[in-house]
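Below are some numbered remarks on the model, for reading beside the coordinates.

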Amino acid sequence: MKNYIIGFLSLILFALMIGASFTAKDRMIFIFDHFSYYIILILVLLWLISAVRLFNSLKFHIFDVLSKNNIAFISALVLALMVFFTVKTCFRTLSDETNLLSLSNSMFAKKEVRNVTAGTYYYDNFHEVKKVIPRRQFVYPFFTSILHTIVGFRPTNSYLANYIILFFFLAGIFILIKRYTDDLSAISALFLVLSQPVIPLYAASGGFDLINAFFFYLAFIALLFFMKEPSKEKFAFMWATFLMLSNIRYESIVSFIIAISGLILLLIIKHMR
């Protein structure tokens with residue numbers, strides 16, 4: 001009952017925000033600017049909670065996962081470091097990557113979602129001169145803003161975020177392949193992934209393409225395991241992961257629609273038999 005009440009109140013709050021935003025353009029911009037960060041924060045927290053609940057339902061413990069998959073994490077770390085030392089890091093798509101960096105700085109400094117395009121430094125502080133509404137979605141800048149919070153604002157945090165994502169991406173691929181084969185095949189799969197030129201380039205850039213690929217992989221793995229053995233914890237994690245994916249790139253919402261539509265169709269067919 002408690003969960004239903006929370007969900008109902010959340011829907012009311014969301015409806016009020018939407019209604020207020022349509023009353024005036026300035027109010028819409030204000031709500032977008034000042035509330036979007038907290039909406040993404042709630043989304044990420046819900047995703048983490050769903051992951052913890054899934055692990056608990058499967059009786060997975062973090063230390064058991066680490067000990068049973070130590071080869072996966074060591075291999076992923078070695079290969080991620082190899083990419084770090086062999087591929088030049090730089091901003092490859094300035095119209096996107098620098099805007100994402102500016103957005104992450106706004107999230108870090110003011111908990112706002114504005115793309116600052118001009119500013120000046122005086123009295124040892126940065127002062128905004130011009131800022132615009134961002135064109136990109138917020139999950140990747142949010143993760144970069146967390147790194148800003150930990151180590152301070154640095155443009156290189158964009159690269160660090162992608163290397164961290166690469167590590168977990170490779171470790172996840174290793175664990176999945178090993179589940180059906182062996183260690184040698186899993187390591188071979190990692191080299192196969194890294195042999196695709198775009199993967200190292202994405203990892204050594206400040207863009208959102210790698211995190212999009214990671215959550216695409218994670219979402220469909222969650223969908224696969226839910227279809228094999230349904231449970232409410234698996235469904236919650238799958239749903240939250242698709243929501244995360246949909247907030248990385250605009251195109252990713254198509255994957256969400258296709259996957260959920262396919263799942264509903266399969267359930268209908270199953271009940272008709």
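1. Leaving aside its neighbours within four places in sequence, which residues is Gln137 in contact with? In this predicted model, the contacts of Gln137 are Leu100, Leu103, Ser246, Asn247, Ile248, Arg249 and Tyr250. Gln137 belongs to the loop between strand S2 (125–132) and H6. With a relative accessible area of 13%, Gln137 is buried, since the cut-off for that class is under 20%.

2. Two of these contacts of Gln137 involve backbone nitrogens. The side chain of Gln137 reaches the backbone nitrogen of Arg249 at 3.3 Å. For Tyr250, the backbone nitrogen lies 2.7 Å from a polar atom of the Gln137 side chain.

3. Met227 is found in helix H10 and counts as partly exposed at 40% relative accessibility. Neighbours within four places in sequence aside, Met227 is in contact with Leu263 and Leu266.

4. Next, the largest pocket. About 1,800 Å³ of space lies in it. The lining of the largest pocket consists of 48 residues, and the closest to the pocket centre are Phe55, Val65, Ile175, Leu218 and Phe237. Elements that give two or more residues to this lining are helix H2 (25–57), helix H3 (62–68), helix H6 (139–151), helix H7 (157–180), helix H10 (209–228) and helix H11 (232–246). By class, the lining has 34 nonpolar, 6 polar and 8 charged residues.

5. Phe237, listed among the residues closest to the pocket centre, also takes part in an aromatic pair. A search of the whole structure finds 20 aromatic pairs. In one of them, the rings of Tyr37 and Tyr38 have their centres 5.3 Å apart and their planes at 90°, so this pair is edge-to-face. Tyr37 counts as buried at 9% relative accessibility, whereas Tyr38 is partly exposed with a relative accessible area of 41%. The rings of Trp47 and Phe237 have centres 6.3 Å apart and planes at 25°, so that pair is stacked. Because Trp47 lies in helix H2 and Phe237 in helix H11, the pair ties together parts that are 190 residues apart in sequence. Trp47 is buried at 12% relative accessibility, and Phe237 is buried at 11%.

6. Aromatic residues also form a cluster. Its members are Phe216, Phe220, Phe226, Phe235, Trp239, Phe242 and Phe256.

7. Is Asp33 buried or exposed? Asp33 counts as buried, because its relative accessibility is 3% and the limit for that class is under 20%. Asp33 is found in helix H2. Its side chain makes a polar contact with the side chain of Arg114 at 3.4 Å. Not counting residues up to four places away in sequence, Asp33 touches Lys111, Glu112, Val113, Arg114 and Lys131.

Key: Residues are numbered from 1 along each chain as its sequence is written. This is a predicted model: local features need pLDDT of at least 70, side-chain atom pairs count only at pLDDT 80 or more; totals for chains, interfaces and linings use all residues. Side-chain values use heavy atoms; hydrogens and water are left out. On a 1 Å grid over the protein atoms alone, a cavity is a set of points where a 1.4 Å probe fits but cannot get out, and a pocket is an open set with protein on both sides within 12 Å along at least five of seven lines; lining residues have an atom within 4 Å of a point. Grid points are joined across faces, edges and corners, and a volume is the space filled by probe spheres set on the points. Helices (H or I, at least four residues) and strands (E, at least two) are DSSP runs, numbered from the N terminus. Ala, Val, Leu, Ile, Met, Phe, Trp, Tyr, Cys and Pro count as nonpolar, Asp, Glu, Lys and Arg as charged, and the others, Gly among them, as polar. Buried means under 20% relative accessible area, exposed over 50%, partly exposed in between (1.4 Å probe, protein chains only). A polar contact is a pair of N or O atoms within 3.5 Å; within protein, one must be able to donate a hydrogen and the other to accept it, and residues adjacent in sequence count only if both atoms are side-chain atoms. Contact means heavy atoms within 4.5 Å. Rings of Phe, Tyr and Trp (its six-membered ring) pair if their centres lie within 6.5 Å; planes under 30 degrees apart count as stacked, over 60 as edge-to-face and the rest as tilted.
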